[in-house]
Each structure stands twice: as C-alpha cells, then as structure tokens.
Amino acid sequence: MLIILVCPIVLTKSWAEDCTKDDLSQTDMNLCTIDYVKKAELELDAVYKKLMKKISPKGQTKLLAAQNAWIAYREKQCEFNTLASLDGSVHPTVVSYCYADLAHQQTKTLQQQLECEEGDLSCGRQ
C-alpha cells in the first residue's frame, strides 16, 4: 500500500475509496483498478468518437495517428511511472491507475478540441 501513497500520481478520492479499502485483498484491488481503467477508457472512446464525427477526413487521419501515438506514449510513460512497484504485488494496481489517470487527461484534451469555438486557431478541429 505504501507504493500507492508515494506514487507521483495523485489518487482521486473515488478511486481511493473504491480500490484501496483496508478490507480488500491485493487481487481485489487489482480487479477494481482494471474496472476503473475500463470506465476511463470508455469515457475517452466516447469523446474520441464524437470528435471524429465533427472533423474533416484529413483531420480524422491526423487524430487517428495522434491517438495511436498517445497509446504508445501512455504505455511507455506508465512503465516509467511505476518502476518503484515493479517487483511488488501492488504493481498491477499502480499500472492500472496510471493508465486511467492518463486516459482522463487525454479525455480532457479531446473534449477541449470538441468544444473549440469557431475561429480558435489553437484547435485541430476543422
């Protein structure tokens, strides 16, 4: 449990309440965080699909490439972020939380693109 507390990723209250209860086994914690990742990825996928529908074919190609690069980035970033727990039983939990945290960040990024105002040149939406 100490690894989770010193991990550079800040736990959200709902995650901490759901997945780090004292009465949960490590296996239960791991399964809980897998569900947490799935929810985060479903949210990300929904925003991604909405954005894809609103942009040009050229924009869709660029967004697809960016999202594929982001997936590779997330994997490597979480490998790095979770090195401290690598040999511990808590490692799957820490990795899952890292994946979910970065998915939430990417969801926010794509949501900002989705909500761009007309004429905002900082947006990729076309």
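Predicted model: local features only at pLDDT ≥ 70, side-chain atom pairs only at ≥ 80, totals over all residues.
1. Buried means under 20% relative accessible area, exposed means over 50%, and partly exposed is anything in between, with a 1.4 Å probe and protein chains only. By that rule, both Cys78 and Cys98 are buried.

2. Residues are numbered from 1 along each chain as its sequence is written, and side-chain values use heavy atoms, with hydrogens and water left out.

3. Now the overall picture. The protein chain has five helices and zero strands, and from the N terminus on its elements run α-α-α-α-α. Helices (H or I, at least four residues) and strands (E, at least two) are DSSP runs, numbered from the N terminus. Of the 126 residues of the chain, 36% count as buried. The chain exposes about 8100 Å², of which carbon and sulfur atoms supply 57%; these areas come from the Shrake-Rupley method with a 1.4 Å probe, and for residues only the protein chains shown count as cover.

4. Contacts are worth a glance too. With contact meaning heavy atoms within 4.5 Å, 69% of the contacts between residues at least 6 apart in sequence join residues at least 24 apart.

5. Back to the cysteines. The structure holds one disulfide (a pair of cysteine sulfur atoms within 2.5 Å). This disulfide joins Cys78 to Cys98, with an S to S distance of 2.1 Å. Cys78 lies in helix α4 and Cys98 in helix α5, so the pair ties together parts that are 20 residues apart in sequence. The torsion about the S-S bond of Cys78 and Cys98 is about -90°, so the disulfide is left-handed.

6. The buried residues of α3 include Met29, Cys32, Tyr36, Val37, Leu44, Tyr48 and Leu51.

7. Which rings pair up? The structure holds one aromatic pair, and the rings of Tyr36 and Tyr97 have their centres 5.7 Å apart and their planes at 10°, so the pair is stacked. For the cut-offs, rings of Phe, Tyr and Trp (its six-membered ring) pair if their centres lie within 6.5 Å; planes under 30 degrees apart count as stacked, over 60 as edge-to-face and the rest as tilted. Tyr36 lies in helix α3 (residues 26-54) and Tyr97 in helix α5 (residues 91-114), so the pair ties together parts that are 61 residues apart in sequence. Tyr36 is buried at 14% relative accessibility, and Tyr97 is buried at 3%.

8. Next, the charges. Side chains of opposite charge can pair when their charged atoms come close. The structure holds three salt bridges, a salt bridge being a side-chain nitrogen of Lys or Arg within 4 Å of a carboxyl oxygen of Asp or Glu. In one of them, Glu41 pairs with Arg74, with the closest N and O atoms 2.7 Å apart. Glu41 lies in helix α3 and Arg74 in helix α4 (residues 57-81), so the pair ties together parts that are 33 residues apart in sequence. Glu41 is partly exposed at 29%, whereas Arg74 is buried at 7%.

9. Two further salt bridges sit within helices. Lys49 and Asp45 meet at 3.1 Å, N to O; both lie in helix α3, four residues apart, about one turn of the helix. Lys49 is partly exposed at 48%, and Asp45 is partly exposed at 32%. Lys76 and Glu79 meet at 3.8 Å, N to O, and both lie in helix α4, three residues apart. Lys76 is exposed at 54%, while Glu79 is partly exposed at 40%.

10. Is Gln67 buried or exposed? Gln67 is buried, with a relative accessible area of 8%. Not counting residues up to four places away in sequence, Gln67 touches Leu44, Tyr48, Gln106 and Leu110. Leu44 and Tyr48 are also among the buried residues of α3.
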